[in-house]
Amino acid sequence: QVQVVESGGGLVQAGGSLRLSCAASGSRLSITFMGWYRQAPGKQRELVASIISAGITNYADSVKGRFTISRDNAKNTVDLHMNTLKPEDTAVYYCNVVSYVGGSYMASWGQGTQVTVSS
C-alpha cells in the first residue's frame, strides 16, 4: 500500500502565495506520476499540475505562470508552489500518486488540504 499525506493549505488573501507539500510512503515504492488536483464546491475534481519521473510537467491553463510543481524523486515528495492566488483557486487540493507495484499501476490519493483565497 501507498500512503499519501498532504500539508500546507490555509487561508490567504488574493495575490498571496502558498506552498502545498505531499509525501508518499510505502514499501518498494516506484512512483511514475505525481499530481495535484483540486475540487471546489459543486464542481468536478480537476487536474491542476502534474510531474512524471522524468521531470516533465503539465499545468491547467488556469494556473500556468502562477503555479509551479516540483518533485524530489529520492524523497518521494512533490510540492506545489502557488503564487498570485485568486479567489477562484479556492478548493480542496488533493495529491495523487501513481506507482508501479507488483506488476501493475496503482493510484493513491491523499486526504486533501483546504486552500481558501479571500478577495
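The link of Cys22 and Cys95 is left-handed, with -80° about the S-S bond. It ties together distant parts of the chain, as Cys22 belongs to strand β3 (residues 18-25) and Cys95 to strand β9 (residues 91-101), 73 residues apart. The sulfur atoms of Cys22 and Cys95 are 2.1 Å from each other, and the structure holds one disulfide. Cys22 and Cys95 are both buried. The model described here is predicted.

Glu6 is placed in strand β1 (residues 3-7). Is Glu6 buried or exposed? Its relative accessibility is 5%, and because buried means under 20% relative accessible area, Glu6 counts as buried.

Two backbone nitrogens lie at the side chain of Glu6. That of Cys95 is 2.7 Å from a polar atom of the Glu6 side chain. The backbone nitrogen of Gly112 likewise lies 2.7 Å from a polar atom of this side chain. Ala91 is 85 residues from Glu6 in sequence, and the C-alpha to C-alpha separation of Glu6 and Ala91 is 14 Å.

**Strands β9 and β10**

Strand β9, which holds Cys95, pairs with strand β10 (residues 104-109) in the antiparallel sense over six bridges. Asn96 has Trp109 of β10 as its bridge partner. The hairpin of β9 and β10 has two residues between the strands, and Gly102 in this hairpin takes a positive phi near 55°.

**Arg45 and aromatic rings**

Which rings does the charged end of Arg45 sit over? One is the ring of Tyr94, with Arg45 lying over its face. The other is the ring of Trp109. The table gives the distances to the ring centres.

| Charged residue | Ring | Distance to ring centre |
|---|---|---|
| Arg45 | Tyr94 | 3.7 Å |
| Arg45 | Trp109 | 4.7 Å |

A pair of aromatic rings is described by the distance of the centres and the angle of the planes.

Note on methods
Residues are numbered from 1 along each chain as its sequence is written. This is a predicted model: local features need pLDDT of at least 70, side-chain atom pairs count only at pLDDT 80 or more; totals for chains, interfaces and linings use all residues. Side-chain values use heavy atoms; hydrogens and water are left out. A charge sits over a ring if NZ of Lys or CZ of Arg is within 6 Å of the ring centre and within 35 degrees of the ring normal. A disulfide is a pair of cysteine sulfur atoms within 2.5 Å. Helices (H or I, at least four residues) and strands (E, at least two) are DSSP runs, numbered from the N terminus. Buried means under 20% relative accessible area, exposed over 50%, partly exposed in between (1.4 Å probe, protein chains only). Two strands pair if DSSP finds at least two bridges between them. A polar contact is a pair of N or O atoms within 3.5 Å; within protein, one must be able to donate a hydrogen and the other to accept it, and residues adjacent in sequence count only if both atoms are side-chain atoms.
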